Amino acid sequence: MSQVPLLSVHNLTAGYGRVDVLHEVSLDIQEGEIVALLGANGAGKTTLLRAISGLLAPKSGSVRLRGEEVGHLGAERLVERGIVHVPEHRQVFGTLTVRDNLLLGTYAFRRMSKRQRLERLEEVYTLFPLLKERQRQLGGTLSGGQQQMLAIGRAMMAKPAVLLLDEPSLGLSPLMVREVLELVRRLRDEWGTTVLLVEQNVRGALRIADRAYVLQTGRVVLHGRAEELAGDPSVQESYLGKHSSAAVR
Ligand SMILES: Nc1ncnc2c1ncn2[C@@H]1O[C@H](COP(=O)(O)OP(=O)(O)OP(=O)(O)O)[C@@H](O)[C@H]1O
Ligand SMILES: [Mg+2]
């Protein structure tokens, strides 16, 4: 394939203070793909999402969006360019209504008119009818699964080209896990959103992903088609740790 990837990370090194957590990480994501990012606790998955979305400045290496270097831009400008990150633990604003939480998703678009924001809100409500029903409810009073939907809905208010999702199924019931993963697939199928998905639920992630990368202590140790990795028992045993291997069965 000679197509320019939508998102391309090349030899990225990043960390905290003097400690490097990521060591020359490279990955490519084509437009319209769902790519899973797997790895045991502490492997560097969240750090990689933070470096891609501009929350953490890379020490070296590059992040390119449609071939253009964006690694120096910082989070707010990257939202405008189309890279939007839904962090671990959701970070819904508990004392704001569902509707106001969603409208915050357009904060980076300074020139967007009120009318455009409200139109965007209606579009997002078509994806999340439940959020529309509960638009006047305070964010903090939603269930865990509903808060996860709200966090993803807020990200969709920016119409991202690339959505970075950090463990959206964390702490949810099996039924909600399935619903959230199904939603991720719809975001791709119906809105064409490209997704980089961090998950501890390896089986669920590989079911909806096209491809996957496995991180181990800050390095990519394996990547391939999702169905190949799903069918390879050594993947779980060697790279994903006990916790994840239990989730695969
Ligand atoms: N703000 C920080 N300051 C210093 N070290 C950090 C910071 N955040 C993470 N780390 C360290 O970086 C390493 C990678 O952490 P990271 O959160 O990226 O892992 P992860 O793969 O997302 O793990 P998990 O599956 O538990 O979420 C860990 O050793 C962690 O202790
Ligand atoms: Mg993490």
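The model is predicted: local features need pLDDT of at least 70, side-chain atom pairs count only at pLDDT 80 or more, and totals for chains, interfaces and linings use all residues. Residues are numbered from 1 along each chain as its sequence is written, and side-chain values use heavy atoms, leaving out hydrogens and water.

**Helix α6**

- Helix α6 covers residues 144–156, and its 13 residues reach 18 Å from first C-alpha to last, close to the 18 Å expected at 1.5 Å a residue. Helices here are DSSP runs (H or I, at least four residues), strands are E runs of at least two, and both are numbered from the N terminus. The expected span is 1.5 Å times one less than the number of residues.
- Of those 13 residues, 12 are buried, where buried means under 20% relative accessible area, exposed over 50% and partly exposed in between (1.4 Å probe, protein chains only).
- The buried residues of α6 include Q146, M149, I152 and R154.
- Packed against these buried residues are β6, α3, α4, α5, β7 and α7.

**Nonpolar cores**

- A nonpolar core is a set of buried Ala, Val, Leu, Ile, Met, Phe, Trp, Tyr and Cys residues joined through side-chain atoms within 4.5 Å.
- The largest core has 50 residues, and L38, L102, F128, I152, L163 and L165 touch the most other members. Helix α7 gives the most to this core, with seven residues.
- Setting aside neighbours within four places in sequence, I152 is in contact (heavy atoms within 4.5 Å) with V86, F128, L163, L165, P168, V180, L183 and L187.
- A second, separate core of 30 residues includes V35, L56, A161 and L215.

**Ligand 1**

- Ligand 1 is surrounded by 13 residues, the closest being G42, K45, T46, T47 and Q200; a residue counts if one of its heavy atoms lies within 4 Å.
- Helix α1 (residues 45–52) supplies the largest share of this shell, three residues.
- An N or O atom in the side chain of Q200 is 2.9 Å from an oxygen atom of the ligand.
- A polar side-chain atom of E167 lies 3.5 Å from an oxygen atom of ligand 1.

**Positive phi angles**

- Most residues other than glycine have a negative phi.
- N11, in strand β1 (residues 7–16), has a positive phi near 50°. N11 counts as partly exposed because its relative accessibility is 31%.
- T217 has a positive phi near 35° and sits in the loop between β9 and β10. At 57% relative accessibility, T217 counts as exposed.

Technical notes:
Chains lettered and ligands numbered in written order. Polar contact = N/O pair within 3.5 Å; in protein donor to acceptor, adjacent residues only side chain to side chain.
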